[in-house]
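Subject: Structure handover

Hi,

Here is the structure I promised to pass on. Please load it first, then read my notes below.

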Amino acid sequence: MNDKKIVILIHAHKNIECLNKLIKSLVYDNFVIYVNLDKKSDINPQQIDSSAILVKKRVNVTWGEYSIVNQTLHSLQQIVDEQEDFSHVLLISGQDYPIKSNQYIDDFFKKYKEISFIECLLITENNKYKPYIWRYDRRHYPANRIFERKIHTTYKLAYKFITGKEYKIKMIHNLTPYWGSQWWNLSKEAVYYSLEFAKNKKITTFFTTTWCSDEVFFQVLLMNSNLKDKIINKNFRYIDWTNCINSPRVLSEEDFNKIIDSDNLFCRKIDKEISDSLVEKLENRR
C-alpha cells in the first residue's frame with residue numbers, strides 16, 4: 001500500500017526566483033506541490049516550475065482582509081477535488097524555505113497522521129491576548145465595500161453618542177475566539193471539516209468583516225470543533241518578529257545556527273540577495 005501524500009500549498013505573490021528555488025527544494029516522491037498565485041501578482045504563471053500544480057481560481061488578495069481566507073479555501077477545494085490520498089496539507093508562503101530534509105518532513109507527518117499543527121492562542125478579557133479582541137468585536141469592511149464602511153462608521157458614531165459606549169459585536173454563535181499564525185499543517189480530516197464549515201454563509205459573512213481573518217478563521221473553526229483534541233498548538237515555523245510589527249524580519253546567514261538548532265520544519269521570511277547565503281547553507285545541510 002502506498003503512503004498517503006503530503007500536499008504542500010504555497011501562497012505566492014512575488015519573486016519568481018525564490019519561488020522556483022523553493023519548489024525545486026520540495027520535489028519529492030511523496031509530496032504534491034500546489035501554488036496559489038495572487039491574482040495581482042506580476043509573476044507569469046508559465047514561468048513557475050512545472051513540478052508544481054497551479055491553483056486555477058486566483059484571488060486578488062489584500063493584506064488583512066478576508067480575501068486571504070478565500071484564497072486558501074479555493075486552494076483546499078481544488079486539492080480535495082484532485083488528490084484522493086493525502087494525509088496533510090502544509091500551508092507555506094513563497095518566501096519560506098525548508099529546514100529539514102524532505103524525508104524528515106515526510107516521516108514526521110507519518111507519525112501524526114490524524115494530527116493538525118496550527119498555532120491556536122485563546123483570546124480572553126483576562127489574558128495577554130486581550131488586545132486581539134478588536135479583530136472580531138468590530139466590523140472591518142474591506143476597501144471595496146466603501147458604502148457599507150461609511151454606513152457602519154455613521155452607525156458607530158451614533159451608537160457612541162447615544163450610549164456613551166463603543167459599539168462592539170460578539171463572536172458569532174458565541175464561539176470561543178482564538179488567533180494564531182496563518183501558516184499551518186492540517187490533517188485531511190481538518191481540511192474537509194474546514195471546507196464544510198465554510199459552507200455556512202452566516203459564519204463566513206461574519207468573518208469577512210474581521211481583521212486579519214487568516215489568523216482567526218481556521219483557529220476558531222477548528223478549536224470549536226470535535227477535532228480540538230487532535231490539534232497541537234505549534235506550526236513548526238521559524239519566524240523572527242524581533243522589532244517587527246506587520247511583517248517578520250527577513251532572515252540572513254547570521255540566523256543559520258538559530259534556525260538549525262530549532263525543531264522547526266520551515267523558516268521565513270526569505271528574500272533574494274539578503275537570504276541567498278542562508279538558503280545555500282540550508283540546502284547543503286538538508
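What volume does the largest pocket have? About 1,200 Å³. Bear in mind that this is a predicted model.

The pocket
- The lining of the largest pocket comprises 42 residues.
- Nearest the centre of this pocket lie Gln182, Trp183, Glu215, Trp241 and Asn246.
- Sorted by class, the lining holds 16 nonpolar, 15 polar and eleven charged residues.

The sheet
Strand β11 turns up again in an open sheet of three strands. The order is β5-β12-β11, and the pairing is mixed. β5 (96–98) and β11 are the edge strands, so named here as each pairs on one side only. From one strand to the next, the twist averages 25 degrees. β5 and β12 (residues 266–268) run antiparallel and are joined by three bridges. Look at Pro98 here: its bridge partner in β12 is Phe266.

The helix
Next, α3, which spans residues 102–111. Which of its residues are buried? They are Asn102, Ile105, Asp106, Phe108 and Phe109. Viewed down the axis of α3, these buried residues fall within an arc of 160 degrees, so they line one face of the helix.

Best regards

Conventions:
Residues are numbered from 1 along each chain as its sequence is written. This is a predicted model: local features need pLDDT of at least 70, side-chain atom pairs count only at pLDDT 80 or more; totals for chains, interfaces and linings use all residues. Side-chain values use heavy atoms; hydrogens and water are left out. On a 1 Å grid over the protein atoms alone, a cavity is a set of points where a 1.4 Å probe fits but cannot get out, and a pocket is an open set with protein on both sides within 12 Å along at least five of seven lines; lining residues have an atom within 4 Å of a point. Grid points are joined across faces, edges and corners, and a volume is the space filled by probe spheres set on the points. Ala, Val, Leu, Ile, Met, Phe, Trp, Tyr, Cys and Pro count as nonpolar, Asp, Glu, Lys and Arg as charged, and the others, Gly among them, as polar. Buried means under 20% relative accessible area, exposed over 50%, partly exposed in between (1.4 Å probe, protein chains only). Helices (H or I, at least four residues) and strands (E, at least two) are DSSP runs, numbered from the N terminus. The arc is that of the directions from the helix axis to the C-beta atoms. Two strands pair if DSSP finds at least two bridges between them. Axes are lines fitted to C-alpha atoms, for helices over the stretch in contact, and angles run from 0 to 180 degrees between N-to-C directions.
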